[in-house]
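Dear colleague,

I am writing to hand over the structure shown below. Please look through it first; a summary of what was found follows.

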Amino acid sequence: MNSILNFPERGNYGNASYRGNCSGYVQKELIEHFKPTLFIDVCEGSGTSADVCKELNVDYIGLDLHKGFDFTRNAVLNFTKKQADLVFSHPPYHNMIDYKAERLKHNLLTTGNDLSSCSSVEEFLELSQLMLLNQRDAARKNGIYTTLIGDYRKSGEFFSFQSDFIKMMPKDELLSVAIKLQHNTMSSFKNYNGSFLPNNHEYLIIWKKKEADVFSFIETKIAEIKRTYNDSWKNIVKLALMKLDNKAKLDDIYSMVMVLAPEKIKVNNHYQAKIRQVLQVNFTPVERGVWALN
Ligand SMILES: C[S@@+](CC[C@H](N)C(=O)[O-])C[C@H]1O[C@@H](n2cnc3c(N)ncnc32)[C@H](O)[C@@H]1O
């Protein structure tokens, strides 16, 4: 297995008429690489993972809304009763496909909180994190939890779900991000003009679970967010100084930051104090009230 997954054929796994089904070669690569003895799929759809595991003689537990399991309300472990070496998901990409309708079409159970029915991208991301935490909980220590996800575009706006997913889980557990090429998509047959770029790939994001409990994971996330917040402020002030030829009076720095980051200023009533703090920590006063880049 390497970081480019390219399978022009989907293989004889699952049901090709279940919309959004994936190529079984993804699960096959994962199994051949990580050699799990137990493989869990938390949203198995048409059973692609089940077929691959059967072929490769790997123990398998498959869950989905149509099996009465809802990863936004039920702990995976309460269903499986044991942790697995590999916990896989291939969730809906927000509302790109209506899976309630899909299950109805295939005469499958349709109860539960379908991830394809979220009212906003924010809700989709919140519930996706719950799914990932749930998968992580069901993975044994040093086990793998992994998800296949595509990015999303709506009314001209682009959302990088893979980047959001990576940010919402522990940084030090991220093992790899593989690109999976998509074949036979509508957009691959069209020529587009202008700035539009069709999306012809998905991502397989792979994490390896460490010992840490969920609480220390939250602490780490808070520290990461604080660091990103402080780094953003530092870089905005630095860019302001660069635009002012690397040396400027405090009032000119305030004005330049206002030009550069009006939205950030709008939500921070104490922005002048924040700028002074950033200057004191990171830059040098060359004379009273005048600052320069180091
Ligand atoms: C992209 S499909 C999976 C397709 C599958 N990999 C295949 O090859 O057939 C996503 C699946 O997520 C399921 N799903 C959506 N929300 C869910 C939830 N809250 N809990 C469990 N499964 C959910 C849907 O029923 C659907 O079958």
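**Findings**

Of the chain's 294 residues, 30% count as buried. Please bear in mind that this is a predicted model. The chain contains 10 helices and 12 strands, and its C-alpha trace spans about 75 × 50 × 35 Å along the principal axes. Among contacts between residues at least 6 apart in sequence, 64% join residues at least 24 apart.

*The ligand*

The ligand is surrounded by 27 residues, and the closest are N21, C43, G45, S46 and T48. Sorted by class, this shell has 10 nonpolar, 12 polar and five charged residues.

*Helix α1*

Helix α1 covers residues 24–34, and its buried residues include G24, Y25, V26 and Q27. K28, L30 and I31 of α1 are buried as well. Just after α1, K35 takes a positive phi of about 50°.

*Helices α7 and α8*

Two packed helices are described by the angle between their axes and the distance between the axes. For helix α7 (residues 214–243) and helix α8 (residues 250–260), the angle is about 115° and the axes are 9 Å apart. The two helices are therefore roughly perpendicular to each other. The crossing in which α7 passes α8 is right-handed. On the α7 side, the contact is made by I236, V237, L239, A240, L241 and K243; on the α8 side, by I253, M256, V257 and L260. By class, the residues of this contact are nine nonpolar, no polar and one charged.

Yours sincerely

Conventions
Residues are numbered from 1 along each chain as its sequence is written. This is a predicted model: local features need pLDDT of at least 70, side-chain atom pairs count only at pLDDT 80 or more; totals for chains, interfaces and linings use all residues. A residue is near a molecule or strand if its C-beta atom, placed from the backbone, lies within 6 Å of it. Ala, Val, Leu, Ile, Met, Phe, Trp, Tyr, Cys and Pro count as nonpolar, Asp, Glu, Lys and Arg as charged, and the others, Gly among them, as polar. Axes are lines fitted to C-alpha atoms, for helices over the stretch in contact, and angles run from 0 to 180 degrees between N-to-C directions. Helices (H or I, at least four residues) and strands (E, at least two) are DSSP runs, numbered from the N terminus. Angles under 35 degrees count as roughly parallel, over 145 as roughly antiparallel, 65 to 115 as roughly perpendicular and the rest as oblique. A crossing is left-handed if the near helix is turned anticlockwise from the far one by less than a right angle, and right-handed if clockwise. Two residues are in contact if their C-beta atoms, placed from the backbone, lie within 7 Å. A residue is buried if 20 or more other C-beta atoms lie within 10 Å of its own, exposed if 12 or fewer, and partly exposed in between; C-beta atoms are placed from the backbone.
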